[in-house]
Amino acid sequence: MLKKVLLVIVALLLGFAASAQSRFITRGAEEGELYMSATWYCNYGIWGDTLYNALLHITENGKKVEINHSVEYQSPDAGTADDLPMQLHYVMADATPGVLYIADWYMTYQAMENTRLWFSDDYGKNWELRDNQIGRSYYYSTNNEGVIYRGGGGVYKSVNFALDFFKEEGISYWVPCDPGLLLGEVFSAGAMNPYQGKLTHTYNDFKTYTQMSIDSQYMFGQVSGLFPDVFRGGLLGEVYITSGFPDNTFKVSFSADTGYNFRVVHQRDGAKTFMTDRKAGDFYIVTGKAIETQEPWGWYARLCFEYYTDYGETLVDIYCHDLTREGVVTAVGEMDVANGHIIIYPNPTDGIFYVETHNYASVRNIDVFDLMGRNVLTVPVETHGRASLQQQPTTTIDISLLPTGMYFVWIQTENGVVTRKVVKK
């Protein structure tokens, strides 16, 4: 049972989004603000385990986390909407401070999927049912106050916080997508030709659209059931693509010209949860794990928010929080990168430079990337050893055979990735 439960939390915290509706994380109306629905804790019981989900309000770029709502997870095969309380499935927000939407689904006794849309105007503390659809419907909010779309049998639009929907012209195509900064603007990864290296952009809800082919180094396609996803940036024309690859790497690629040209701005092992901020150049990587307890018997969640600025060049900090059973969220291992725990010198360099990791978490490996996002050098753990780093925290990196220019050095630790820039003269 423990393995089953741990798989649930990993799926909720670390998985890709399969569509705009199926995101467990969304940006808020303010800079530095996120909302997230996540498994909070689990009680082990003789007759079965009990899972609890929470709606998290994240502020100060991940430094502060509050639990604004919590529910016991229940199976969606309840039979009718009245049999199943609101479940914290897929969370959305628009540009209205404090306004949130939750889309959840349930099964009838005839095994038919149905979809509900819930609304909150007090940061997710209280909820009201706004829409209940027979069959599977897909929702995505916009960057406009009170405007939200529903797909399924056509495109439907609401301009009054989902009180009423009216049918729109356009194509109901609900692959991974994200609303742009303008009303009617949508970015879609794979739309019109799913998961075949396509990015689609529209200013009028797919009445007309532009489609760009994306190189396979930026968007691969389905990997182990996980699909590419797309996110708008903080300025017009900015768009990010996240994608998994067969070698188990996860890449975040960025375009400043509506998808015509991309570069890799973040890369690491395994699928991660990603979200952009409203501020240009800022984004987040979210990781999570279950912490087992004996009294009471079960586990609670630990979430870590990696906060990046300068389009991935700067890891500002990593904020980790324990979501305890008492509902108290406690920072546990906040990493102050700015104080220089990891130092690179000399910089600029003629070819040899050193990475110092004084008093730092165990380093797994060090990667060097060029400005195009290509991995040009990897120093794996086996070459320097975990113990040797603790005793002698200096690693020598040789880039003398590489061309002159700027490179990004990614130091992968057990707490996350620290990024540094180095210039070869």
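Reader: Is the disulfide of Cys-304 and Cys-320 right-handed or left-handed?

Author: Keep in mind that this is a predicted model. In it, the sulfur atoms of Cys-304 and Cys-320 sit 2.1 Å apart. The torsion about their S-S bond is about 110°, so the disulfide is right-handed.

Reader: Which strands does that pair link?

Author: The structure holds one disulfide, and it is made by Cys-304 and Cys-320. These two cysteines are 16 residues apart and link distant parts of the chain. Cys-304 belongs to strand β23 (residues 298-309), and Cys-320 to strand β24 (residues 314-323).

Reader: Okay, and are Cys-304 and Cys-320 buried or exposed?

Author: A residue counts as buried when its relative accessible area is under 20%. Cys-304 and Cys-320 are both buried.

Reader: Let's move to strand β15. How many of its five residues are buried?

Author: Take the two faces in turn. On one side, Lys-198, Thr-200 and Thr-202 are buried, and on the other, Leu-199 and His-201 are too. That covers both faces of β15. The strand (residues 198-202) is therefore largely enclosed by the rest of the structure, and the number of buried residues is five of the five.

Reader: Which residue stands opposite Thr-200?

Author: Look at strand β14 (residues 186-189), which runs antiparallel to β15. Four bridges join these two strands. Opposite Thr-200 of β15 you'll find Ser-188.

Reader: And which residue in β16 is the bridge partner of His-201?

Author: β15 is also joined to strand β16 (residues 210-213), again by four bridges. These strands run antiparallel. The bridge partner of His-201 in β16 is Thr-210.

Reader: Which residues make the nonpolar surface patch of about 320 Å²?

Author: Start from the loop between β15 and β16, where Tyr-203 lies. Tyr-203 is one of the residues of this patch.

Reader: Zooming out, what percentage of the residues in the chain is buried?

Author: The chain has three helices and 32 strands. Its accessible surface comes to about 17800 Å², and 51% of that belongs to carbon and sulfur atoms. Of the 425 residues in the chain, the buried share is 58%.

Conventions
Residues numbered from 1 in each chain as written. Predicted model: local features only at pLDDT ≥ 70, side-chain atom pairs only at ≥ 80, totals over all residues. Heavy atoms only, no water. Buried < 20%, exposed > 50% of the residue type's maximum accessible area, 1.4 Å probe, protein only. Pairing = 2+ DSSP bridges. Patch = residues over 30% accessible without salt bridge, like charges linked within 9 Å, V, L, I, M, F, W, Y side chains within 5 Å. Areas by Shrake-Rupley, 256 points an atom, 1.4 Å probe, with all protein chains shown as cover. Salt bridge = Lys/Arg side-chain N within 4 Å of Asp/Glu carboxyl O. Disulfide = S-S within 2.5 Å.
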